[in-house]
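The sequence and the structure are shown first.

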Amino acid sequence: MSRESFDLIVIGGGPGGHAAAEEAARLGARTCIIEEHAWGGTCTHRGCIPTKALLTCSRRYADLKKLKRLGINPGDAGFDYAAFQRHREQMIRVSALGVEKSLKEAGAVMKIGNGRILSPGQVCYTSGAGAGEVLEASHLVIAWGAEPSWPSFVDLPRPPLGTYPQAMSHVLPAAGSAPAAPESPWADDEKKYAPDSAGLRPRRLLTSDAFLRLATMPQSVVILGGSVIGVEFATFLAEVGAKVEIVEMLPNIIPYEEEDAAVLLAKELQRMGIKLHTSLSVNSLEEKAEGVVMAGEQHGKGVALEAEYALVCTGRRPRLDERSLRELGIEHNRRGITVNDRQETNVTGIYAVGDVTGGIMLAHRARQQGRALANRLFGDGTVAYREEAVPSVIYSHPPVARVGLTERQAREKGWDIEIRRTDYGANIMARTELAGQGFAKFIFHDGRLLGATIAGEGAPELIAALALAMTAGADLKTLQAWIIPHPTLSEVLRL
Ligand code: FAD
């Protein structure tokens, strides 16, 4: 086996690994990054980018209906689902190429294949062709990411680590003729993991990974889980005309967000025709040739729902290579690898960033953790990561965005809080642009901003300014001194 030496080796080419490798290489460290599938990770291939590409299509289509109020007649507007899928695929390619280009330009050595940590300072790299190589570096970063998780009554195969998760979950072998597997950038993987490449029948029970790549538009879908991923898919599907039902075990959808945001979003989703079943505890999900049957209990009564597809959105779990972690003595639990606020594991020279460390699983969080770590190792340490300033966005229509604490979280801490709220109804640009209902809610303690939620059109962009306010530790006085141009939607942030 040949040996190569680096200052830093990163395993995983998603947002966390990408940021760590790019920053380290840019700062002059000899850096190697290993990715076993494709540059950009979950975010580029199965997460942020494909979902937002599809939501853009459905939103543009749905917005056409609003034009009539302005006297514009869109005529008989229709859509081509295959074109939506092409847009999704193209955006994935653009995003992946962007990641690849930035790593190359920074000077990182990029390797496609599997990376396994042999010991602190040593990694075994295995290329697709199976050739092994030992790589050495004093600093190793684990950025393995996460994968969908589902309750035990859901019968989905989980491939072993080292294979593309869920590669074949959208097709099942069956006798007789059946639709071919849809085209996808994972075609090679799919062939490799196909139990029988002839006569595939579509699976009806899917996670987001496979659902994104369905070649034909589903007619009816029951979504298990009313949190972020569930409501984003529900929005897309309802906007393109599918019959959608969301099943949520808790009394509210988006249960970790402000209650008023959940109420507003529930109303809007119902207005779109989505049926919401909250406080419904599912105990079986059966896959038939033509569809699915979901059964459960709601307020003591049995409930059964049927649909063409079931989309399982019950969360994500860190992708943990248990054997390696145990052999290396790296502390972890089912919520992820344990790290301190410097991304250090308990083993000197081994760090972890992003979804594999648990917590809120977001691309920009992973990215900032990776960049701050590399900057601390090879730069002047001025790039900080602050957990309380990580914004989160739900790209439903209307979207919901938050930074910091919700009212309930702040009250649970026993703090005396002051709440300020502004409404879209009083904002002239929201009215002019037909933005619909919405609000911004601010939570202060002793004048200090603890958190803010925006529910309504434009929320994903508006929250960026408030994330800066949180990062800078802004108080009420600073926000009141902030001059916001008129007329803009941003004026909903004027206090
Ligand atoms: P990942 O992106 O999962 O990357 C890990 C990479 O490591 C993978 O490419 C994997 O192949 C590779 N890898 C693992 N083990 C090995 C190994 N041994 N050797 C080599 N390579 C290995 N986040 C947002 O911020 N905004 C959104 O709008 C958003 N939407 C989402 C929508 C969906 C449907 C999903 C599923 C997720 C979404 N996310 C979103 C979450 C976001 O995608 C993740 O938080 C982010 O990708 C995490 O980055 P990461 O680097 O930790 O891991």
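## Backbone positions with positive phi

Ile254 is buried, with a relative accessible area of 2%. The model is a predicted one. Ile254 belongs to the loop that runs between strand 11 (243-247) and helix 8 (259-271). Its phi angle is near 30°, a positive value in a residue that is not glycine.

Asp446 also has a positive phi without being glycine, here near 55°. This residue sits in the loop between strand 24 (439-445) and strand 25 (448-455). Is Asp446 buried or exposed? Its relative accessible area is 76%, and because exposed means over 50%, Asp446 counts as exposed.

## Cis peptide bonds

His397 and Pro398 are joined by a cis peptide bond, with omega of about 5°. Pro398 is located in the loop between strand 21 (392-394) and strand 22 (400-404).

A cis peptide bond is also found between His486 and Pro487, where omega is about -5°. Pro487 lies in the segment that follows helix 14 (476-481).

Five strands make up an open sheet with parallel pairing, in the order 9-16-10-11-12. Its edges are formed by strand 9 (205-207) and strand 12 (275-277); each has a single partner strand, so one side of each has no neighbour in the sheet. On average, and with direction ignored, neighbouring strands of this sheet are turned by 20° against each other.

Strand 10 (residues 220-224) pairs with strand 16 (residues 309-312) in the parallel sense over four bridges. Within this pairing, Leu311 of strand 16 is the bridge partner of Ile223. Strand 10 also pairs with strand 11, again in the parallel sense, over five bridges. There, Ser220 stands opposite Lys243 of strand 11.

## Burial of strand 10

How many residues of strand 10 are buried? Five of its five residues are buried, and the strand is mostly covered. In a regular strand, side chains alternate between the two faces of the sheet. Ser220, Val222 and Leu224 point one way from strand 10, whereas Val221 and Ile223 point the other way; all are buried.

An open sheet of three strands shows antiparallel pairing in the order 13-14-15. Strand 13 (280-287) and strand 15 (301-307) are its edge strands, each pairing on one side only. Neighbouring strands here are turned by 20° against each other on average, direction ignored.

Strand 13 and strand 14 (residues 292-298) are paired in the antiparallel sense over seven bridges.

## A buried arginine

Arg204 lies in the loop between strand 8 (200-202) and strand 9. Is this residue, Arg204, buried or exposed? Its relative accessible area is 9%, and because buried means under 20%, Arg204 counts as buried. A polar atom of the Arg204 side chain lies 3.2 Å from the backbone oxygen of Ala289.

## The ligand and its surroundings

There are 37 residues around the ligand, and those that come nearest are Glu35, Thr42, Lys52, Arg319 and Ala363. The shell divides into 14 nonpolar, 16 polar and seven charged residues.

Which backbone atom lies 2.8 Å from an oxygen atom of the ligand? It is a backbone N or O atom of Ala363. A polar backbone atom of Leu362 lies 3.2 Å from an oxygen atom of the ligand, and a polar backbone atom of Cys43 is likewise 3.2 Å from a ligand oxygen atom. Taken alone, the ligand exposes 1,000 Å², of which the protein buries 94%. The elements that contribute two or more residues to the shell are helix 1 (15-26), strand 2 (31-35), helix 2 (41-45), helix 3 (48-63), strand 3 (109-119) and helix 10 (363-378).

Notes:
Residues numbered from 1 in each chain as written. Predicted model: local features only at pLDDT ≥ 70, side-chain atom pairs only at ≥ 80, totals over all residues. Heavy atoms only, no water. Near = heavy atom within 4 Å. Polar contact = N/O pair within 3.5 Å; in protein donor to acceptor, adjacent residues only side chain to side chain. Areas by Shrake-Rupley, 256 points an atom, 1.4 Å probe, with all protein chains shown as cover. Nonpolar A, V, L, I, M, F, W, Y, C, P; charged D, E, K, R; others polar. Pairing = 2+ DSSP bridges. Axes fitted to C-alpha atoms, helices over the stretch in contact; angles between N-to-C directions. Buried < 20%, exposed > 50% of the residue type's maximum accessible area, 1.4 Å probe, protein only.
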